[in-house]
Amino acid sequence: MSERVLRWGLLSTAHINRSVIPPLRQSSRNELVAVASREKDRARSYAQKWEIPHSYGSYEELLADPTIDVIYNSLPNGLHSEWTIKALQAGKHVLCEKPIAVTTAQVDAMAAAAQKAGKYLTEAFMYRHHPQTLKVKQLVKDGSIGKLRLVRGSFTFQIAKEEDIRLSSALDGGSIWDVGCYPISYARFIAGAEPEEVFGWQVTSQSGVDETFTGQMRFPGGVYAQFDSGFRSPFRTYIEIVGSEGMIIILKPFKPDDQGSFLLNRGDTVETITTESQMLYLGEVEDIADAILSGKAPRISLSDSRANVTTIVALLQSAREGKPVVLPKL
Ligand SMILES: NC(=O)c1ccc[n+]([C@@H]2O[C@H](COP(=O)([O-])OP(=O)(O)OC[C@H]3O[C@@H](n4cnc5c(N)ncnc54)[C@H](OP(=O)(O)O)[C@@H]3O)[C@@H](O)[C@H]2O)c1
């Protein structure tokens, strides 16, 4: 029996689209058919360059195309909520870039719109779908490093252009939203719980967004997490997971190579674990296709995304106020 092929539209000509276009082309259940830009000419030349059949000179026109099933929302952070809701109201499923939104009220409004429309909405945290991440989680869950004590992680890079959307407060830039969201998401995933209390420090830019953020999270049961994110240090990513009997070190936790690899250290032995090969951004595309075509719940639920946003909002509040913030129990 031939399966239905989902027709995708790109909401903007964002740089990140180039990571999602190859998996859309690799997947037999998905097809990239349109791109929209604020500028008609930009949409047209982008469509030509990437061999996309249709282009639209406004986001509204893309959403009005009745043949589109799924929208990939790759707009700046501050526009995720508004345009995801518009896409859902237009009857589209949405894969929305991280961070899904920048307030819990926005996430709630997006979830309500998805429910009302009867459409799927999920956050594009691609690392969560990769076999490397799933293997790390399984090992921790199976007790391979004993009782979980600490998760530590970083994501920094040197920002190249001062006009980057990441440095704009109007577009909800800042390093914690842009890259800090990864080690925070990773720690919550590994802890399998939400933090009870957080503390953060930040170095802010002239526009007021954080250029460097350092934070701590206290989880139930004596589990702690520490992370840093930033735009003014060299490219660095890592996650260290410490248990009572060993540790796991992952050098490419957020952007693993197709074949994942990490270290498992127990006693005197250090083992390199490699995982099955998968194109990094394929998982998120197949995951939402599974949801739409088979009714399988997306791997990243909206309550999971909401909890990540809640944690980041609390960390930013802590950094502003210079004191720990206790999170409300969910
Ligand atoms: N998952 C990942 O690996 C990953 C990696 C990078 C980025 N991201 C996320 O993807 C999103 C986009 O990031 P990016 O680096 O790809 O951004 P980008 O290249 O700056 O693209 C953003 C796009 O948004 C549109 N846009 C609409 N209003 C805008 C405004 N006022 N200012 C600037 N652009 C505006 C523009 O498209 P048009 O002019 O064509 O309308 C622009 O090309 C962010 O939310 C980011 O967090 C995710």
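## Surroundings of Trp83

Leaving aside neighbours within four places in sequence, Trp83 touches Leu11, Tyr59, Glu60, Leu63, Asn73 and Leu75, where contact means heavy atoms within 4.5 Å. Trp83 belongs to helix α4 (residues 80-89). Helices here are DSSP runs of H or I with at least four residues, strands are runs of E with at least two, and both are numbered from the N terminus. With a relative accessible area of 8%, Trp83 is buried; buried means under 20% relative accessible area, exposed over 50%, and partly exposed in between, for a 1.4 Å probe and protein chains only. Trp83 and Gln278 are 195 residues apart in sequence, and their C-alpha atoms are 30 Å apart in space.

## Basis of the values

The model is predicted, so local features need pLDDT of at least 70 and side-chain atom pairs count only at pLDDT 80 or more, while totals for chains, interfaces and linings use all residues. Residues are numbered from 1 along each chain as its sequence is written, and side-chain values use heavy atoms, with hydrogens and water left out.

## Backbone exceptions

Most residues other than glycine have a negative phi, and most peptide bonds are trans. Ser12, not a glycine, has a positive phi of about 110°. Ser12 lies in the loop between β1 (6-11) and α1 (17-26) and counts as buried because its relative accessibility is 6%. Glu51, also not a glycine, has a positive phi near 55°. The loop that holds Glu51 runs between α2 (40-49) and β3 (54-56), and Glu51 is exposed, at a relative accessible area of 67%.

The peptide bond from Lys98 to Pro99 is cis, with omega near -10°. Pro99 is in the loop between β5 (93-96) and α5 (104-117).

## The nine-stranded sheet

Nine strands form an open sheet of mixed pairing, in the order β14-β13-β12-β11-β7-β10-β9-β8-β15. The edges are β14 (269-277) and β15 (325-326), each with a single partner strand, so one side of each has no neighbour in the sheet. Two strands count as paired if DSSP finds at least two bridges between them. β7 (residues 148-158) and β10 (residues 223-230) are parallel and share seven bridges; Thr156 stands opposite Gly230 of β10. Helix α9 packs on the sheet, touching β8 (197-204), β9 (210-219), β10 and β15, and its direction makes about 65° with that of β8.

β11 and β12 run antiparallel, joined by four bridges, and form a hairpin with two residues between them. Glu240 has Ile249 in β12 as its bridge partner.

## Helix α6

Helix α6 (residues 131-141) has Pro131, Gln132, Thr133, Val136, Lys137, Leu139 and Val140 as its buried residues. Their cover includes β7, α7 (175-191), β11 (232-243), β12 (246-250), β13 (259-266) and β14. Gly143 follows α6 and has a positive phi, near 85°.

## Helix pairs with α9

The axes of α5 and helix α9 (residues 302-321) come within 9 Å and cross at roughly 165°. Axes are lines fitted to C-alpha atoms, for helices over the stretch in contact, and angles run from 0 to 180 degrees between N-to-C directions. α5 and α9 are therefore roughly antiparallel, a term for angles over 145 degrees. The crossing is right-handed, meaning that the near helix is turned clockwise from the far one by less than a right angle. Thr104, Val107, Asp108 and Ala111 of α5 meet Leu302, Arg306, Val309 and Thr310 of α9. By class, this contact has four nonpolar, two polar and two charged residues. Ala, Val, Leu, Ile, Met, Phe, Trp, Tyr, Cys and Pro count as nonpolar, Asp, Glu, Lys and Arg as charged, and the others, Gly among them, as polar.

α7 packs on α9 at an angle of about 120°, with the axes 10 Å apart, and this crossing is right-handed. From α7 the contact involves Ile176, Trp177, Cys181, Ile184, Ser185 and Arg188, and from α9 the residues include Asp304, Ala307, Asn308 and Val309. The residues of the α7 and α9 contact divide into 10 nonpolar, three polar and two charged.

Technical notes. Parallel < 35°, antiparallel > 145°, perpendicular 65-115°, else oblique.
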